[in-house]
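Take a moment to look over the chain before you read on.

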Amino acid sequence: MRNRVKNKKRRIAYMLVAAVLLSSSLGVSYAKTDEICQQAETESEKQSESQKESESQKETETEKQSESQKETESEKQSESQKETESEKQTESQKETESEKQSESQKETESEKQSESQKETESEKQSESQKESESEKETETNPGGENLPAERSTVLSSVRNYLLTKDANPDFSSIWNVIGLQRSGLYVPWSYTATFYQNVYAYCEQKNWKLTRTKYSDYSKLIMALTSIGIDAQNVGGHNLFDYLSDYENVRMQGINGPIWALIALNCHPSYSIPKNKEVAVQNTEEMLLQAVLGAQCEDGGWNLAGGQGDADMTGMALQALSFYYGKRTDVNAAVERGLAWISKNQLESGGFGTQGVETSESVAQILVALSGLGIDGSKDARFLKNGKSPLYGLFQYYLPEGGFMHVAANAGNNGGGIGGMLDGMATEQGFYATVAYQRLLDGRSFIYDMHDIELTPGKKVETSQNDGTNETKKQEETEKKNNNKKDHKTDHKKKDDKKNKKSKKETEKKNTESEKKQTGSPNAAKRPSGQTKTLPSVKKTSTSTEKSSSTVKKKKATTKKKKNKKESEDYGWSFDGEDYVPELTADGKTEAETVTQSAENDPKTQVRTMAPAVLSGAALVIVLEALAFGIYRKKKGRRLR
């Protein structure tokens, strides 16, 4: 019995000791928590003090800035006042000077006006005298001035006709372009732009080899491009004079080739024939000139074949020689012989013929030649037959519709157009011949002398392999796309519905998988369309494992992006949590790891983590004390019994 009592006492003593120890540990933990709280309070006080200091510094800085701004504004105002005062003074000075100048200008202008009035009166008197003299001449030479149509009417009506009929100019519109551009009349910019695009596309189709025998095509194209301001030596990187560098190729066409090559070479002072090592005979300007001079017939004219001159070829040859007329004796002699031939072979109508038939084209070439040589055929007695000039001979073929006939009605035909009907070739030649004569009267340069035009390199035009430009190709593609959309509208709807269903199923699967993975993780963030972005679990790992995991995740993301690229394009923006790869901070750790480390170092969070342990220890002590007290009461009761 005594041993049992002793054992019970010992147990009670042990329990009391344990209770004392627990209470002491609780006291220590509470002391620690007090210290931690005090540290947190001191740190917060320090932060608040630092914030107050920074705020005070900012206030002082703002005060300093405001003071400096006020000073600068006051300085600027003073400077502006000074400037305005100086400007006012200068303006007043200028006004006084301008008033003086205006007064002097008015005086000079009044003097000039009086002088100009006197001059105009004298000019009117002289013009009236000339008109009276010309009227007397017309009375003696009937028809000399009474043209079938006025020049201004012919130029304007033919211009309108050409722009209407030749709305899409191409390589065949070369002479229309030259005549319109050199006329000085209004020509829409779109007309020349369309011409250049079509011509460039044509040259691209031909691989810039326009002909095998007729090299005058290159010469005429050079003239047309020059008339619209394009440098023929750089048309999208192509020098058209390269094709005229072979003398044998140019001469293959007969005398017509050298004539037009010489005109093209002289149409602008910047042009020259490049040297070509691959050709058998290098072409030069002198060789072309000697070829034209050497082709003159014994009667003084020129012809493609035969010993007698022809009006068309004589006019073209004199046009080429006009650039050298008055500069070389050999050229002067040849030109004089040619003019004698023209005067001798002119018809009573004032016109000219070829192959025994009078045509409008023949007189047109003669009129251009005389204009190039600076000769007014309407005033030079050598070229007036029965009082009719070459201009009269041309205008007799003019039609009110806005063009020219090839031959008159009921006249002989040399294989050209129908008599009495408007003809295209006759219209273009009649028009530029009238332009050449009008330029002579206006004192402007020869129609083929284009030194007054500033040239720029021709830009490349993207063209298709068939025909037309890149713009027409795009238009055709857009039309095809529109037609396909209309025809297959229902098919597209069905396909879209299927895609929507598939995408919905895939997104649902992905959402379920991501939800399974993300259950229990406190770092799941909401994303659009119900999808979630999974952050990695917070663990301290080595840098090598982090890099390897990030590379694996990036590979997975790229494969996923490739699979869902089409769906993202069709249905807009989307995001999958599995594709997310966390960004690394400057120290090579993830954002979540840096957050947890900062939380561990924070004293407030330490207090929060220790609070549950303290409470659980206190509860244990209370339970143990209650047990001890119960046991003690039972023992005491037994003793009393």
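How many of the eleven residues of α9 are buried?

## A covered helix

Eleven of the eleven residues in α9 are buried, so this helix is mostly covered. Keep in mind as you explore that this is a predicted model.

Helix α8 spans residues 285-294, and its buried residues include Leu-288, Leu-289, Ala-291, Val-292 and Leu-293. Among the elements that cover the buried residues of α8 are α6 (247-251), α7 (256-266), α9 (311-321) and α10 (329-345).

## The whole chain

Now zoom out. The chain holds 19 helices and nine strands. Of its 641 residues, 35% are buried.

Here is another way to view the fold. Take the contacts in the chain with a separation of 6 or more: 69% of them are between residues 24 or more positions apart.

## Two helices that cross

Two packed helices are described by the angle between their axes and the distance between the axes. For helix α3 (residues 174-183) and helix α5 (residues 216-227), the axes come within 9 Å and cross at roughly 35°. The crossing of α3 past α5 is left-handed.

Which residues meet there? From α3 come Ile-174, Trp-175, Val-177, Ile-178 and Gln-181, and from α5 come Lys-220, Leu-221, Met-223, Ala-224 and Ser-227. Sorted by class, this contact of α3 with α5 has seven nonpolar, two polar and one charged residues.

## Residues around the pair

Is Arg-182 buried or exposed? Arg-182 lies in helix α3, and its relative accessibility is 3%, so this residue counts as buried. The side chain of Arg-182 has a polar contact with the side chain of Ser-445 at 3.3 Å, and the Arg-182 side chain also reaches the backbone oxygen of Phe-446 at 3.4 Å. Leaving out residues up to four places away in sequence, Arg-182 touches several others, including Val-435, Arg-439, Asp-449 and Ile-453.

Ser-216 sits in helix α5 and is buried, with a relative accessible area of 0%. Its side chain makes a polar contact with the side chain of Gln-253 at 2.9 Å. Apart from neighbours within four places in sequence, Ser-216 is in contact with Gln-253 and Trp-260. Ser-216 and Gly-257 are 41 residues apart along the chain, yet 5.2 Å separates their C-alpha atoms.

Val-187 is found in the loop between α3 and α4 (189-205). With 14% relative accessibility, Val-187 counts as buried. Beyond residues up to four places away in sequence, Val-187 touches Leu-163, Leu-180 and Gln-181. Val-187 and Arg-159 are 28 residues apart in sequence, with a C-alpha to C-alpha distance of 8.6 Å.

Let us finish with some strands. Strands of a sheet pair through backbone hydrogen bonds, either parallel or antiparallel. In this model, an open sheet of three strands has the order β4-β5-β6, and its pairing is antiparallel. Why is one side of β4 and of β6 left without a neighbour in the sheet? Both β4 (398-399) and β6 (422-423) stand at the edges and each has a single partner strand, so one side of each has no neighbour there.

Strand β5 (residues 403-405) is joined to β6 by two bridges, and these strands run antiparallel. Along this pairing, Met-405 stands opposite Leu-422 in β6. Helix α13 (residues 424-442) lies across β5 and β6, running at about 115° to β5.

Notes. Residues numbered from 1 in each chain as written. Predicted model: local features only at pLDDT ≥ 70, side-chain atom pairs only at ≥ 80, totals over all residues. Heavy atoms only, no water. Axes fitted to C-alpha atoms, helices over the stretch in contact; angles between N-to-C directions. Helix = DSSP H or I, 4+ residues; strand = E, 2+ residues; numbered from the N terminus. Left-handed = near helix turned anticlockwise from the far one by under 90°. Contact = heavy atoms within 4.5 Å. Nonpolar A, V, L, I, M, F, W, Y, C, P; charged D, E, K, R; others polar. Pairing = 2+ DSSP bridges. Buried < 20%, exposed > 50% of the residue type's maximum accessible area, 1.4 Å probe, protein only. Polar contact = N/O pair within 3.5 Å; in protein donor to acceptor, adjacent residues only side chain to side chain.
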